[in-house]
Amino acid sequence: MFVLSSLSHILRLPPDLLNLPLEVSIRCQLEKLFVDKVIAKLGLCVSVYDLRKIKGGFIDAGRGAPTYEVEFRVVVFRPFVGEVISAKLKHQDETGLVLTLGFFDDIYVPAAYMQQPSTYKLDSATNQNLWFWLSDYGEFVIDGDEEIRFQVQSVNYPPLPLEVPENSKPFAPMVVTGSICGDGLGLFSWWVDENEEEEEEQ
């Protein structure tokens, strides 16, 4: 789910950071540029791990700030196809589920990737439309703050749209499609034996 990736970048340090130690000021600038940003075909940058090499420091004419060529490593969120991850429910509608990891929200479970058979219907207890898995052992509802285990089906990096229609969803530079159709997938409580639950409570 998390990997170390090596990057290089030509960085100009603003004058207000020149009073700091060089590595500290460079790290501050790299974090502003890369952390919480999606790098196409690489993933979501979570943090700057370390600085590997710093070269340069020349001040170009008329610039007033030194320029460095920096080689560094970043921690990247990049799930692989087939990986099983636990997330929380953010939203659900007739098209499926939207899950969140807290730091990443663009995880979608389409209706076709729900446990089969499943249906989206009114829940009498909450008076809301919710997804139900119609298993051989009864109906299991998807609701609440319980963790949901899903299996990654694809990771896509959509191109930036040239035009954005009104009332459209915010652009997501990285989209993870998941499935909860399979043994052990879905809500954790679906697969916990009642005896195991009693032992955990004790």
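In the predicted model, strand E8 and strand E9 (residues 128-135) run antiparallel and are joined by six bridges. Within this pairing, Leu 122 stands opposite Asn 129 of E9. Strand E9 is also paired with E10: four bridges connect the two, and their directions are again antiparallel. One of the residue pairs here is Ser 135 with its bridge partner Gly 138 in E10. Two residues lie between E9 and E10, and the two strands form a hairpin. Taken together, E8, E9 and E10 make an open sheet of three strands, in the order E8-E9-E10, with antiparallel pairing. Strand E8 (118-123) and strand E10 (138-141) are the edge strands, each of them pairing on one side only. From one strand to the next, the twist averages 45°.

Pro 117 is placed in the loop between strand E7 (107-110) and E8. The peptide bond that joins Gln 116 to Pro 117 is cis, with omega at about -5°. Asn 127 is found in the loop between E8 and E9. Its phi is positive, near 60°, and the residue is not a glycine. Asn 127 counts as exposed because its relative accessible area is 60%, and the cut-off for this class is over 50%.

The UniProt record, an unreviewed entry, lists residues 83-159 as "domain: RNA polymerase III subunit Rpc25". In the model this span is 60% strand and 0% helix, and its end C-alpha atoms lie 24 Å apart.

A second open sheet has four strands, in the order E1-E4-E3-E2, with antiparallel pairing. Strand E1 (2-12) and strand E2 (38-39) are at the edges; each has a single partner strand, so one side of each is without a neighbour in the sheet. Strand E1 runs antiparallel to strand E4 (residues 66-77), and eleven bridges join the two. Among the residues paired in this way is Phe 2, whose bridge partner in E4 is Phe 77.

Val 3 is also found in strand E1. In space, the C-alpha atoms of Val 3 and Phe 77 are 6.7 Å apart, although 74 residues separate the two in sequence. When neighbours within four places in sequence are left aside, Val 3 is in contact with Val 74, Val 75, Val 76 and Arg 78. The relative accessibility of Val 3 is 25%, and the residue therefore counts as partly exposed. In a regular strand, side chains alternate between the two faces of the sheet.

Helix H1 (residues 22-34) lies across E1, E2, strand E3 (43-59) and E4, and runs at about 135° to E3. The length of H1 can be checked against its residue count: at 1.5 Å a residue, its 13 residues should span 18 Å, and the end C-alpha atoms are 18 Å apart, which agrees.

Which residues of H1 are buried? They are Ser 25, Ile 26, Gln 29, Leu 30 and Phe 34. These residues cover an arc of only 145° around the axis, so they are on the same side of H1. An α-helix has 3.6 residues a turn, so residues three or four places apart point the same way. The buried residues of H1 pack against E1, E2, E3 and E4.

After H1 comes Asp 36, which has a positive phi, near 70°. A further positive phi, of about 70°, is that of Lys 41, which is not a glycine. Lys 41 is found in the loop between E2 and E3. With a relative accessible area of 65%, Lys 41 is exposed.

For this part of the chain, the UniProt record (unreviewed entry) places the feature "domain: RNA polymerase Rpb7-like N-terminal" at residues 9-59. Over residues 9-59 the model is 25% helix and 45% strand, and the end C-alpha atoms are 16 Å apart.

Methods
Residues numbered from 1 in each chain as written. Predicted model: local features only at pLDDT ≥ 70, side-chain atom pairs only at ≥ 80, totals over all residues. Heavy atoms only, no water. Pairing = 2+ DSSP bridges. Axes fitted to C-alpha atoms, helices over the stretch in contact; angles between N-to-C directions. UniProt positions renumbered as here; feature names shortened; annotations may be inferred. Contact = heavy atoms within 4.5 Å. Expected span 1.5 Å × (residues − 1). Buried < 20%, exposed > 50% of the residue type's maximum accessible area, 1.4 Å probe, protein only. Arc of directions from axis to C-beta.
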